[in-house]
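Please look over the chain below before reading on.

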Amino acid sequence: LGISYDNCILIIAVFVAVALGVLVYRYSPSPYWSYLMYIAMGFYIFTYSGLKQSIAMAFLIFAAMAMFEGKPRRFILWVAAGSLFHAPALIFLAAYPFCRQKINYRYFLVLIGVFAGMFLFRTQIGNFLSELYYDEQDTLVLTDTFEVGGRFLMMLLIMALGVFLRPLHDWDRVYVQVFNLMVIAAALQTMSVFDNNFTRLADYYYQFIVLFLPMMMELGGSQAKKKPEHRHEIKYYDPNIYVALSLGITLFGLWYYRGFVSSSWPILQDFVFRWEIDPYALYGS
């Protein structure tokens, strides 16, 4: 394109920030929780190294909004656009049919089937997905294991807390769809025991923790104002519970983010603010 690497990163950063900002503005009841999750879960740091996937993930944000609005053609176009930058983004095509299921006994049977299938056949599924993900290097040869990662357990804990605080109802359409995105993310995360890149594959879905956590932490009274016709089906808890949870989640997020900074230091140490640049080191005295 005839532009410098620095300007290329700047353009990517702006595109990602705008996509995230539109999503938060339209759907998040709490920008604080959205941006805390975006930073604490490592998505911000990832934009320093995963340039192609960061672009694709931003396109998938627009795809998800098309899904929330029930526009399948627009959804497919946004996913296709993301896949032009990073082919594994095509895995997001599974979101539309899965996330629009009705909440009934069949839904929970499907959930059980998804996780049972991932644990029973995850080696075979992982070998197949590695051929898609490793487009520029040799594919992995995976062996059976019964291990589960700590991030997967954290996902399950957050999802369980979400169902407790804000149970699933068909009329709570966007929240249910976001919850289903978390389900697929957790299912993909089970394969992270094979290779860290499967975590990145799961991040195509898990990035929507920026909506799920603020939605699950929304007070019952706030939910009732938005959906007064369903006020009797909404759960109402003591606000002090939310205060305690807010403190605990914030502290956990800071601790989790600190781990990302430490593990990413070899990459981050080469990045500085413009006012930290020594002009004499760049151009000589």
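This is a predicted model: local features need pLDDT of at least 70, side-chain atom pairs count only at pLDDT 80 or more; totals for chains, interfaces and linings use all residues.

Q: What percentage of the residues in the chain is buried?
A: A residue counts as buried under 20% relative accessible area. The chain has 285 residues. Buried residues make up 47%.

Q: Among contacts between residues at least 6 apart in sequence, what share joins residues at least 24 apart?
A: Contact here means heavy atoms within 4.5 Å. The count takes in pairs at least 6 apart in sequence. Those joining residues at least 24 apart come to 74%.

Q: Are α8 and α9 roughly parallel or roughly antiparallel?
A: Their axes lie 9 Å apart, and the packing angle is about 160 degrees. Angles over 145 degrees count as roughly antiparallel. So α8 and α9 are roughly antiparallel.

Q: How many nonpolar residues does the contact of α8 with α9 have?
A: α8 passes α9 in a left-handed crossing. From α8 come R151, F152, M155, M159, G162 and V163. From α9 come Y175, F179, M182, V183, A185, A186 and Q189. By class, two are polar, one is charged and the nonpolar residues number 10.

Q: Are α8 and α10 roughly parallel or roughly antiparallel?
A: Helix α8 covers residues 150–165 and helix α10 covers residues 197–206. Their axes are 13 Å apart, at an angle of about 15 degrees. Angles under 35 degrees count as roughly parallel. α8 and α10 are therefore roughly parallel.

Q: How many charged residues does the contact of α8 with α10 have?
A: α8 passes α10 in a left-handed crossing. R151, M154, M155 and I158 in α8 meet T199, D203 and Y206 in α10. By class, four of these residues are nonpolar and one is polar, and the charged ones number two.

Q: Is the crossing of α1 and α2 left-handed or right-handed?
A: Helix α1 spans residues 5–27, and helix α2 spans residues 31–40. They pack at about 145 degrees, with axes 10 Å apart. The crossing is right-handed.

Q: How many charged residues does the contact of α1 with α2 have?
A: V16, L20, G21 and V24 in α1 meet P31, S34, Y35 and Y38 in α2. Six residues of this contact are nonpolar and two are polar. The number that are charged is none.

Q: How many of the eight residues of α11 are buried?
A: Helix α11 runs over residues 209–216. Its buried residues are I209, V210, L211, F212, L213, P214, M215 and M216.

Q: Is G82 buried or exposed?
A: G82 sits in helix α5, residues 72–85. Leaving out residues up to four places away in sequence, G82 touches A56, F59 and A89. The cut-off for buried is under 20% relative accessible area. G82 has 0% relative accessibility, so G82 counts as buried.

Q: How far apart in space are G82 and I55, C-alpha to C-alpha?
A: In sequence, G82 and I55 are 27 residues apart. In space, their C-alpha separation is 6.9 Å.

Q: Is Q177 buried or exposed?
A: Q177 belongs to helix α9, residues 173–189. Beyond its neighbours within four places in sequence, Q177 contacts M67, F68, C99 and R100. Its relative accessibility is 2%, so Q177 counts as buried.

Q: What distance separates the C-alpha atoms of I91 and A202?
A: I91 is buried, at 14% relative accessibility. Y205 touches I91, and also F92 and L93, among others. I91 and A202 are 111 residues apart along the chain, and their C-alpha atoms are separated by 9.5 Å.

Notes. Residues are numbered from 1 along each chain as its sequence is written. Side-chain values use heavy atoms; hydrogens and water are left out. Helices (H or I, at least four residues) and strands (E, at least two) are DSSP runs, numbered from the N terminus. Buried means under 20% relative accessible area, exposed over 50%, partly exposed in between (1.4 Å probe, protein chains only). Axes are lines fitted to C-alpha atoms, for helices over the stretch in contact, and angles run from 0 to 180 degrees between N-to-C directions. Angles under 35 degrees count as roughly parallel, over 145 as roughly antiparallel, 65 to 115 as roughly perpendicular and the rest as oblique. A crossing is left-handed if the near helix is turned anticlockwise from the far one by less than a right angle, and right-handed if clockwise. Ala, Val, Leu, Ile, Met, Phe, Trp, Tyr, Cys and Pro count as nonpolar, Asp, Glu, Lys and Arg as charged, and the others, Gly among them, as polar.
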